[in-house]
Amino acid sequence: MAEARIIFHIDMDAFYASIEQRDNPAYRGRPVVVGSDPMRGKGRGVVAACSYEARRFGIHSAQPISQAWRSCPNAVFLRVAMDKYRETSRRIMEIFRGISPCVEPLSVDEAFLDMTDQALDFNHAIKLAYGLKRMIYAEEKLTSSVGVAPNKFLAKIASEIRKPNGIYAVRPEKIRAFLEPLPIGKLWGVGPKTELRLTKMGITTVGQLRDADERTFLAEFGKHGHHLYQLARGIDNRPLVTSRQPKSVGHEHTFFTDTRDKEKLLETLGRLSEKVSRRLRKHGLQGKTVCVKLRHKDFTTFTRQARTRIPVDLAADINRTAEDLFLLNWDGRKEIRLLGVSVSTLDDESSETGLPLFPHPDPGDLVF
């Protein structure tokens, strides 16, 4: 058994777009954008994924689809085919589980593997990483990028270094040299606001944070500061989580045209409630908290929630509470851009599927 942990982070390259290019040779080498219909620059959805060829035009995930079309109107624009992507993901995860008994999926296209007991040392781990990449390509004709490191945090950063189709290893004795020049935003937990606060303190790199006075830093950031201080030293002792108890199940919908049409809004709430109900029942779950998410025309967004008397999983029960919340919090005048419905405070402890509050929308949820 190796002295230090050896963790792989495997990230499939441009997963959705690569699957489309694999399945249709005419798309290979061309900019491919997966998302909603751009409607010649008037679409209201977002980019779910794009090929590396599309990225050269400045296109990226979560970008408005209309902007992507204006950047490259000759790109191949495709609807999300989630069933196909999930099935490919299922087969890839089976490959991972054939390599290591300890696999933590993060999404359909990435996962952590604990390779501590499989690798003799870091040199052997790198050979195993190359073998894993070859296996994925042989079976799925898809490329991947792998980070090899002593913990999850370092492995996740490492997998980005040689993308696409690369491997990067952070050996234990090289952790300080690896982290020192990285921009502070690479640390987990450093968002725009925290980055601004750190910049005002003169801290712009991970190395500068590592060398900062610990007492002063913790006084400024408290418990969160301790977390960042540890990461700046490459310390991350979290184990892999091979099963997850879901916290909530939800769906959201972006309207093609902002609307204040009450009938249309209530019909959408009903449809979202039905989708949530189907997912709850599929996984044998019930919940006691119903939440409604509203986004206005000016992009102001808020959520409102209410507890139910008994756990719910039926569409009618979910929709009844969702309607009440919506009508109590919408003045009837402001135009609505997006609606979401979710159920949380779930009571089934046997589920092993992680279900985010508002996941990436299915194709039908992108536009109306």
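The lining of the second largest pocket draws at least two residues each from α1 (15–23) and α2 (52–55). This is a predicted model, in which local features need pLDDT of at least 70, side-chain atom pairs count only at pLDDT 80 or more, and totals for chains, interfaces and linings use all residues. Residues are numbered from 1 along each chain as its sequence is written, and side-chain values use heavy atoms, with hydrogens and water left out. Helices (H or I, at least four residues) and strands (E, at least two) are DSSP runs, numbered from the N terminus.

**Second largest pocket**

- A pocket is an open set of points on a 1 Å grid over the protein atoms alone, with protein on both sides within 12 Å along at least five of seven lines; lining residues have an atom within 4 Å of a point.
- The volume of the second largest pocket is about 320 Å³, a volume being the space filled by probe spheres set on the points, which are joined across faces, edges and corners.
- Of its 14 lining residues, Ser18, Gln21, Arg22, Lys141 and Thr143 are the closest to the centre.
- Helix α1 contributes the largest share of this lining, three residues.
- By class, the lining of the second largest pocket has four nonpolar, four polar and six charged residues; Ala, Val, Leu, Ile, Met, Phe, Trp, Tyr, Cys and Pro count as nonpolar, Asp, Glu, Lys and Arg as charged, and the others, Gly among them, as polar.

**Cavity**

- A cavity is a set of grid points where a 1.4 Å probe fits but cannot get out.
- One cavity of 30 Å³ or more is present, and the largest cavity has a volume of about 30 Å³.
- Its lining consists of Arg176, Leu179, Glu180, Val206, Gly207, Arg210 and Ala232.
- α9 (206–211) gives the most to this lining, with three residues, and α7 (175–179) supplies at least two.
- Three of the lining residues of the largest cavity are nonpolar, one is polar and three are charged.

**Salt bridges**

- The whole structure has 26 salt bridges, each a side-chain nitrogen of Lys or Arg within 4 Å of a carboxyl oxygen of Asp or Glu.
- Lys163 and Asp13 form one at 2.6 Å, N to O; the pair is 150 residues apart, with Lys163 in the loop between α6 (152–161) and β8 (167–169) and Asp13 in the loop between β1 (7–12) and α1.
- Asp13 is buried at 2% relative accessible area, whereas Lys163 is partly exposed at 27% (buried is under 20%, exposed over 50%, partly exposed in between; 1.4 Å probe, protein chains only).
- Glu140 and Arg91 also pair, with their closest N and O atoms 2.6 Å apart; Glu140 lies in α5 (residues 122–140) and Arg91 in α4 (residues 82–99), 49 residues apart.
- Glu140 is buried, with a relative accessible area of 6%, and Arg91 is partly exposed, at 30%.
- Within helix α4, Glu94 and Arg97 are three residues apart, about one turn of the helix.
- Salt bridges that share partners join Glu20, Arg22, Asp23, Lys84, Glu87, Arg90, Arg91 and Glu140 into one network.

**Cysteines**

- Zero disulfides are found in the whole structure, a disulfide being a pair of cysteine sulfur atoms within 2.5 Å.
- For Cys72, the nearest cysteine sulfur, that of Cys50, is 10 Å away.
- Cys72 is buried at 5% relative accessibility, while Cys102 is partly exposed at 22%.
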